[in-house]
Amino acid sequence: MTVSPVQSGINFPSLPNVRKENGQREVFCGLTSIVWLHRRMPDAFFLVVGSRTCAHLIQSAAGVMIFAEPRFGTAILGERDLAGIADANEELDRVVGDLLSRRPEIRTLFLVGSCPSEVIKLDLGKAAERLNTRYNGSVRVLNYSGSGIETTFTEGEDQALHSMVPLLPSSDEDQLLIVGTLADGVEERFKKLFHRFGISNVHSLPPRISTDLPPIGKGTRILLAQPFLSVTARALISKGAKLINSIYPLGVEGSAQWMMEAAKAFGVNTHQVEQVISPLVNRGRIALAPFRQQLQGKRIFFLPDSQLEIPLARFLCRECGMNLVEVGVPYLDRQIMAPELALLPENTVISEGQHVEYQLERVRSSFPDLVVCGMGLANPLEAEGITTKWSIELVFSPIHGCDQAADLAELFTRPLSRRSLLRWE
Amino acid sequence: MELTLWTYEGPPHVGAMRIATSMEGLHYILHAPQGDTYADLLFTMIERSDRRPPVTYTTFQARDLGGDTADLVKRSIAEAVNRFQPETLLVGESCTAELIQDQPGALASGMNLGIPVVTLDLPAYSKKENWGAAETFYQLVRTLLKSELPYSKKQKPSQWRVEKRRPRVNLLGPSLLGFRCRDDIREITILLASLGIEVNVVAPLGAKPSDLMRLPLGDLNICLYPEVAAPLCNWLERNFGMHIVRTIPIGIGATQAFIEEVCTLLGLSIPLVNNIQQSSRMPWYSQSVDSTYLTGKRVFIFGDATHAIAAARVASKELGFQVVGLGTYSRELAREVRSAAEEFGLEALITDNYLLVEQAMAEAAPELVLGTQMERHSAKRLGIPCAVISAPLHVQDVPARYSPQMGWEGASVIFDSWVHPLMMGLEEHLIGMFRHDFEFVDGHLSHLEGATAPDQGLKTTVQTTKNSSNSAEELMWTSSGELELSRIPFFVRGKVRKNTEAFARERGISEISDEVLYEAKAHYNR
C-alpha cells in the first residue's frame, strides 16, 4: 500500500472498549449486496454459483419485487458437479451460454462465488477469464465472492467493486472519484455541489451503466461514500489514486466535513468552501432540530450488520443527542474507521463480531429505547416490548448528504413515534 | 449445474426449519455457514412471527475451516440445550456443512443430552424443501414413538363407539410457510366439530413433541398436506394400523367428498349436504348471472401438487373455466398430478424450472394464471391476470384476515380471489365495443387501479412462437389482418393469433389477411 488511509495528523484513538465476541452471528452474507447492485447497474447480471440455499436467500430478500426480467440467478450445483462426474467448468460455460442467449442485452456478467463454490474450490476467476475470451468484447465477465464464510452483507459490494477495478481505464487527469453506491438523487446533488467548488471532473464507482467505468490514475482522489469499502479503496490506491481522509457523509457534520476534505484536497480556497457549505449546514441543522428533540437523551443499541453502525452512532450521538449503549459491528477496519472513532465519546462500548445470545441478553438487561438490528430479530424484540429499527433499510434509503440528515434522523424517530402513537384501549 | 432464476422450493434444511418452527418445545441445531440465518426472516417477516425460530446455527466462517468445526458443533449443541431446554433436539446440516462432513448428528448422540435427538440426513444437492419437511416430520415421530413398537392395540376407526366417546382425528401436515395453513386448520376443525368429531392432535403446527406421542390415540389420520405429511401417515398406517383420509377438502365438491370419506371410515352416517349454498356462498355466486362471463375462461394452473390438483377441479367444475395447463413442481406427487391432468385431456407439466413454466404459460395463452409467487413474475411479463394458490408465497399471502382455502369458507375465499384479477363483465363488453377511449384503453383493468401493459403479452407470445417454429417467420400478417387482430379483446388476442397462424400454416397460407382470421375463427368454432 502506497498511501496510508490514516493521515498522521488525526488522533488515532486507543479503543480500550472494543469487545470481541465469537458465537452465532445473525447477519447476511455478501450475496445480499446483489439486491441493490442490480438496480444500480441495470445492464449487469449477477450469476451466483452455489446451492439452492443461495438461490433461496436472494429471492427471499428480493422476491417481493416482481420482475418481468430477472437480473440475477443461480447456477445451482448438483450431485454430479460435486462428484466430479460433470466438469464444473464445462457446466458453467453451458449455463452462461444459455443465460446470455436468453438475455442478449446483458453487458456485464458477475460470477458470484458462494460458500459451496469456495469450499469445493471452484476457480471462478479462471472461469471469468475464459468466458471473457469467448465473448470477446460483447460481454464482460467478472468474478467476486459473496460467500458467508468470507463476507458479511455490505462486504459483498466491496468485493464487487474490487472486481471492477482492473477494468478501469487509466488516466492521470485530475478527478474526484466517489466510491460506494449512492441513491441517484443524492449522487447528482453531490456532483452539483462539487461543481460549485470548481471540481468539475467527478465520477462514481459503481457507475449507473456497467460499461461506463470511471478512469483511474495519479490525478484521481477517492472519496469513500460508504464505510465498508476497505478492499476497493486499497486496490484503487495501488493504482495510484489518493484517498481523501474523512468521516462519512452521514448527518450534517459528516457530510459537510466529507465535502470539505474533498475541497481541501483539490486546493479550493476556504472562503469558497464556506460559501457553498454553510447555507447547507444551517438549513440541515434547522431541519434536524425537531428530530433532535425527539431523540435527545434516548438510548440506542446497535447490533452488527452493515458497518454503517459507527458513522450512524456518531451522527445520532453528536447531532441528535442520543446515548450509545453499545455499537456492534461485524468487523472493524481500524484504519478506515479511525476518523469516525475519534469523534465517538470516550468509553463508547464497541463490539466486534457477535455472540447473538449474549448480545440479546445485554439488550434485554439494558432495555434501550431503540435497537438497530436485522429483520430476523426485529419482530421478536418488538414482541418483547423493545422498539427496533431494522437495519437493512439504511442501505436502501437515500441517507447521505446535508440535505438528507433530517430524513436519516426520521428513520430513527419513526419507530419511536409509532410506538407512542398506537393505542389499543 | 442448473440455471435457476427463481426456485420453487428452498433447500431441505428450510423444510426441517418449518417443522421445528411450527412446533413448540423442539430445537434445531443447524451446522451452517455465516449468513444462512437469512432463513429466520422467512418466519419473522413473511409469517410475521413474534419470536425467533428455535434454531441455533453454528455460523462458521472461513477462518473456522482451518480449525476444529466439529468442536464448534459440540459447543453450539451444549449451549443451545442448556439455554433453551428443549423436549427434543433436531440436528442437521445445511448445504455447505454437508461438504465438510462433521457428522453433527453423531456428535450430538454421543453427548448424552438426556433428551431424544433426531439426526437429520437431508441431501441438499438432490432434495428440496418439502422433502426436507416431510422427512423431518417422519423421522421425528419415528424417534418419539420407537418405544411403542411393535404396537399391539391396532384398532378400527370405529373404536370410538366401543369406548363410548366421540371420534377423534389427527390433522397432519399444516406448517408455517405452507399456504394458508393457519386458517385451514380452523375451518376444518369447525367442519369436523359440526359432525361431532374431535381433533386429537394438529401437527406439526402448534404441537409439542409430547403431543406427537399421542398420535396413535387418534381414530384416523387426516393427511391435509401430503407434501409434508404423506410419508408419516403411511408409516403410522403400517405400524399403528391408522387409516388415512386422503381427500383434500379444497372446493365444494372436494369438501363434500371429504365429509363422506371421514364419515364412512368412522362409521358415522353421512349428513345431507344438498343445501350447500347455505354452507358456502361460492355455489350461488358462481351460478348467478354475473358469473356467466366466466364460462370457458382459459386458465393455466401451476403450484404444489395438492393445490394444483384442487384448483383444477374447482376451476373447471365449480367456476366453469377451461383448464388449458396444469403442472406442479412437487416431483414426489407427480403421478397424482399426471392423472388429474389426464381428466382434462392435458399433459401435466412436471418441472421445477421456472423458465419451462413460463414457456408453457406463453404457449397456452391463458386468460388467467393460478400459480405461485413465481408465476406472478411470468404473468407480469406476459400481461396476464394472476392469482396465487400455492407456496412459495410472499408476505401478502399471509394476510391478517381469515382466509382459508379449505372447507366452505375456503371456497368463498377462492371465488373472490380468483375472479378479482379478471376484467369485470361490463368493462369487458365495453372494451370489446369501443376501442378509442382515452381512459379505458386496451388491456386496462379499472377495478385494479393502474392498467396492465396492453401489448406486452402479445409481443412476447410472438417471440415465443418464433422460437418454437421456423415456419412462423414465413407467415406474414397483412395490415388488414393486423387491424382485425387488434380488434379482438386483448385477453383472448394471444389465443386468436396462435389459432390463426396454426390454421394458415396447415393450409399453406403465407399471408394472413382479415379474411384468413375470420376463416380460422369459423374453423375453430366448429
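Across the interface of chain A and chain B in this predicted model, the rule finds four salt bridges. One of them joins the side chains of B:Arg83 and A:Glu361, with a nitrogen-to-oxygen distance of 2.6 Å, and A:Glu361 falls within helix H14 (356-366) of chain A, an element that gives two or more residues to the side touching chain B. The other elements of chain A that contribute at this level are strand E2 (44-50), helix H2 (52-62), strand E3 (72-76), helix H3 (79-82), helix H4 (88-102), helix H5 (115-119) and helix H15 (375-383). By class, the side of chain A that touches chain B is made up of 36 nonpolar, 18 polar and 12 charged residues.

| Quantity | Value |
|---|---|
| Residues of chain A in contact with chain B | 66 residues |
| Residues of chain B in contact with chain A | 61 residues |
| Area buried between chain A and chain B | about 5,500 Å² |
| Share of that area on carbon and sulfur atoms | 59% |
| Residue pairs in polar contact, both at pLDDT 80 or more | 24 residue pairs |

Strand pairing also crosses between the chains: strand E3 of chain A is joined by three bridges to strand E1 (residues 2-4) of chain B, and the two strands run antiparallel. Within this pairing, A:Ala75 has B:Leu3 as its bridge partner in E1 of chain B.

Turning to aromatic rings, a search of the whole structure finds 17 aromatic pairs over all chains. In chain A, the rings of A:Phe46 and A:Phe110 have centres 4.7 Å apart and planes at 5 degrees, so the pair is stacked. Because A:Phe46 lies in strand E2 and A:Phe110 in strand E4 (residues 108-113) of chain A, the pair ties together parts that are 64 residues apart in sequence. Strand E2 is also among the elements that give two or more residues to the side of chain A touching chain B.

Chain B contains an open sheet of five strands in the order E12-E11-E10-E13-E14, with parallel pairing. Strand E12 (349-350) and strand E14 (386-388) stand at the edges, each with a single partner strand, so one side of each is left without a neighbour in the sheet. For strand E12 of chain B, two bridges join it to strand E11 (residues 322-328), the two running parallel, and in this pairing B:Leu349 is the bridge partner of B:Gly327.

How values were computed: Residues numbered from 1 in each chain as written. Chains lettered and ligands numbered in written order. Predicted model: local features only at pLDDT ≥ 70, side-chain atom pairs only at ≥ 80, totals over all residues. Heavy atoms only, no water. Contact = heavy atoms within 4.5 Å. Buried area = accessible area lost by both parts, 1.4 Å probe. Polar contact = N/O pair within 3.5 Å; in protein donor to acceptor, adjacent residues only side chain to side chain. Helix = DSSP H or I, 4+ residues; strand = E, 2+ residues; numbered from the N terminus. Nonpolar A, V, L, I, M, F, W, Y, C, P; charged D, E, K, R; others polar. Pairing = 2+ DSSP bridges. Phe/Tyr/Trp six-rings, centres within 6.5 Å; stacked < 30°, edge-to-face > 60°.
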